Amino acid sequence: MNKVLSADWVLPIEGAPIENGAVAIEDGRIVAVGTADELGEGTRYADSAIMPGFVNAHSHLEYAVYGGFGDGLADFAKWVSVHIQRKAQIGWDEYVDIARLGAASCLASGVTTVGDCSYSGAAAVACAELGLRANVYLEVFGADVSRALEGFARTRDRVDDSFSDRVRPGVSPHAPYSVSLELYEACAELGLPLATHISESPAEIEYLTTGRGAWGAYADLLVPPPCATGTRMLADRELLGPNVIAAHCVVLEDDEIETLASTGTGVAHCPRSNGALGCGVAPLTELREAGARIGVGTDSPASAPSFDFFEELRSVVLTARARAQRPDVLSAADALELGTIGSARALGLDAEVGTLAPGKRADLAVVSLGGSPYLPWDDPATAVIFGGSPERVVATFVDGEARYEKGGFEWQELTAAAHSARRAMLAPPEAVALAEAAGPSLRAR
Ligand SMILES: [Zn+2]
């Protein structure tokens, strides 16, 4: 059935903003984009802009309640051990509870697609339930190929029912310091979309290239250094390409920027995570100039403060301008493009989502700037990026269906379940050990 949505502005991304714009939807796809005079008013949103849903190119939904864990710790091993120890205090049901809150937070922030790296696979369940489009990259770690692939197969089997045309499986060999080259090769042979973390920090680069530096002391936690950066190691074995998305890419030499661009590798730019962990500011402008397929990701509250995609896009603008010491190096419209079609390209989903165009999936967000200092408006992209927030998202549609409407979500239920999981993680480890010694019944939630 044909449905029309209209607003003060429609931001197709491909093409100029349309004043008094409208989008017509049929069977989950966009059939027309134009003015409300041409297409009719349908459902009218006052003081609002309709835009493609944001595409979050790098997330970890199952870390939605990890906010503040290990914040400010300079010692990498201590930071990792805080996360490992707390993660060990919860089980499958809690992972799903947390991932549901993560998926809901994304929808509430106008996100309609995520590229999610999932340790347990819970993200697939959450995305399927809440109607969020996703590539869910199941994580693998270590040097031992058969052990890692067995773990991957187990996780995939557990969540296989959640995969569909909308929620697609992928594999995520975690990073070149936690995954051997042999395991990267085995993952590539699976023929699935692949996500990884590369060139995140100077300490990572120093360890990978020399085995020394701040991480040299933790060699027993890591795979042996390959004596090359992740980008060069993967490029050498022809493991980069359009099927791959690499998160972070902060510490890059010119030849690595060129390699990422020429191989068509997706790059997920995560400026808040990179800032919070003290990793640096990625060379976004250089990557764009080289023609890299670059998008934007929030990472997760394990490192960035939230899944708030507006905050992430503001950080994209601010860090790019601060790094270049120029205000004209990246516009709000550029950031909006990076967070929609840019991310869709990086995830290999640009034929389906990322712009408002006939034939594409009807994945869109409605953002109200009512009551803000950005109205009346002549520049909706700047208003949405600088004035937008999850509180201003009126509705989020995936496949033409409202998956989030302001005030209509089961927030209390979702947050209560996720907070109970966080409480379990914060319990002192001694209490958990005692409970385990007393028998499994006490451990049950
Ligand atoms: Zn990550």
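Author: A donor here is an N, O or S atom within 2.8 Å of the metal (3.2 Å for Na, K and Ca); water is not among the atoms, so sites may look incomplete. The model is predicted: local features need pLDDT of at least 70 and side-chain atom pairs pLDDT 80 or more, while totals for chains, interfaces and linings use all residues. Residues are numbered from 1 along each chain as its sequence is written, and side-chain values use heavy atoms, without hydrogens and water.

Reader: How are the donor residues of the zinc ion spaced in sequence?
Author: Their spacing is H-x1-H-x136-H-x101-D.

Reader: Which residues are they, then?
Author: His 58, His 60 and His 197 each give NE2, and Asp 299 gives OD, at 2.0 to 2.7 Å from the zinc ion.

Reader: Why is the arrangement irregular?
Author: The angles subtended by the four donor atoms run from 85 to 169°, and therefore the arrangement is irregular. Four donors are tetrahedral if all angles lie between 85 and 135 degrees; four are square planar and six octahedral if opposite donors are over 155 degrees apart and all others between 65 and 115; anything else is irregular.

Reader: Is His 197 buried or exposed?
Author: His 197 is buried, as is Asp 299. Buried means under 20% relative accessible area, exposed over 50%, and partly exposed in between (1.4 Å probe, protein chains only).
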